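Here is a briefing on the model shown below. Keep the structure open while you read the points that follow it.

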Amino acid sequence: MKVSVLFFGPARDLAGTAAAEMESPPGEDLAGLRQRCERRFPRLIALRGALVLALNQELAPASAPVHEGDEVAFMPPVSGGR
Amino acid sequence: MAPMPSAREREEKDHFRLTREPISASQLARELCVPQAGAVVVFEGVVRNHSSGRETLYLEYEAYQPMAQRRMEEIGGEVRAKFAIERLGIIHRLGRLDIGEVSVVIVVTAPHRAAAFAACQYAIDRLKQTVPIWKKEYFTDGAVWAESEAVRGAEL
């Protein structure tokens with residue numbers, strides 16, 4: 001099944017692209033998808049522990065299952081001013 | 001005397017937007033002024049010329065646009081639940097911004113100033129904490145993505 005993945009901020013720089021289409025096996029969760037993204041874009045490993053994932057524009061836990069046509073966003077900590 | 005607008009009518013006149021064009025705070029304030037409002041608070045976030053002791057050349061902002069739009073509207077709902085206001089407007093700019101340019105404007109109109117000030121402070125704090133917008137700072141000797149207050153509260 002096809003899942004569309006978006007990369008923002010430093011994740012976009014590290015992936016070298018703003019978006020990618022991933023082919024997910026049935027039953028995959030966000031953690032699995034993230035690992036496969038890290039294999040395809042190894043520089044993303046630098047963001048381990050500093051990343052939140054959104055599933056269809058809502059923040060979601062790593063255990064959330066993905067489905068055909070879902071949109072997953074790699075969201076590094078949001079910028080803030082003081 | 002004209003009837004008082006309902007809560008729903010008030011909400012529909014709130015204003016949340018992402019834009020690549022320069023933002024006019026005074027125009028937004030004019031749009032949100034109503035006869036019931038005795039206070040107008042305007043916050044402008046401006047690109048400053050330094051960050052962490054380095055000289056900034058310019059900034060670039062990018063957003064996860066549909067989610068950012070929705071989060072701004074949700075902040076509007078939170079503000080309305082907490083403060084007695086008339087209208088709220090939040091506009092955030094995206095793309096390249098030079099020193100002195102306005103990156104974000106928040107306008108609150110309310111019958112009284114205390115609620116307007118408090119609502120404005122709340123809205124900018126929540127925006128920084130929860131709206132997916134990223135800022136890249138360009139210096140004379142390189143560029144970095146701004147570290148942040150983060151999605152810390154949302155760490156999953």
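Q57(A) sits in the loop between β3 and β4 of chain A; helices (H or I, at least four residues) and strands (E, at least two) are DSSP runs numbered from the N terminus. This is a predicted model, in which local features need pLDDT of at least 70, side-chain atom pairs count only at pLDDT 80 or more, and totals for chains, interfaces and linings use all residues. Residues are numbered from 1 along each chain as its sequence is written, while chains are lettered from A and ligands numbered from 1 in the order in which they are written.

- Phi of Q57(A) is near 70°, a positive value in a residue other than glycine.
- Q57(A) counts as partly exposed, with 17 C-beta neighbours inside 10 Å. A residue is buried if 20 or more other C-beta atoms lie within 10 Å of its own, exposed if 12 or fewer, and partly exposed in between; C-beta atoms are placed from the backbone.
- N56(A) lies in the loop between β3 and β4 of chain A. Its phi is near 50°, again positive in a residue other than glycine.
- N56(A) is partly exposed and has 15 other C-beta atoms within 10 Å.

**Chain A: fold and sheet**
- Chain A has two helices and five strands. From the N terminus on, they run β-α-β-α-β-β-β.
- The radius of gyration of chain A is 12 Å, close to the 12 Å that the globule rule gives for 82 residues, so chain A is as compact as a globular protein of that length. The radius is taken over C-alpha atoms, and the rule is 2.2 Å times the number of residues to the power 0.38.
- Of the 82 residues of chain A, 34% count as buried.
- Five strands form an open sheet of mixed pairing, in the order β2-β1-β5-β3-β4 (chain A). Two strands pair if DSSP finds at least two bridges between them.
- β2 and β4 (58-59) of chain A stand at the edges with a single partner strand each, so one side of each has no neighbour in the sheet.
- β3(A) and β5(A) run antiparallel and are joined by four bridges. A54(A) has A73(A) as its bridge partner in β5(A).

**Helix α2 of chain A**
- In α2 (residues 30-40) of chain A, the buried residues are L30(A), L33(A) and C37(A).
- Seen down the axis of α2(A), they fall within an arc of 60°, so they line one face of the helix. The arc is that of the directions from the helix axis to the C-beta atoms.
- A31(A) and R39(A) are exposed on the other side of α2(A).
- The cover over the buried residues includes β1 (2-7), β2 (19-23), β3 (52-55) and β5 (71-75) of chain A.

**Helix α4 of chain B**
- In α4(B), A115(B), A116(B), A119(B), C120(B), A123(B), L127(B) and T130(B) are buried.
- They cover an arc of only 135° around the axis, which puts them on the same side of α4(B).
- These buried residues pack against β2 (39-46), α3 (65-82), β5 (87-93) and β7 (102-110) of chain B.
- A123(B) touches I75(B), V79(B), L88(B), I90(B) and I106(B), not counting residues up to four places away in sequence. Contact needs C-beta atoms, placed from the backbone, within 7 Å.

Note on methods
Contact = placed C-beta atoms within 7 Å.
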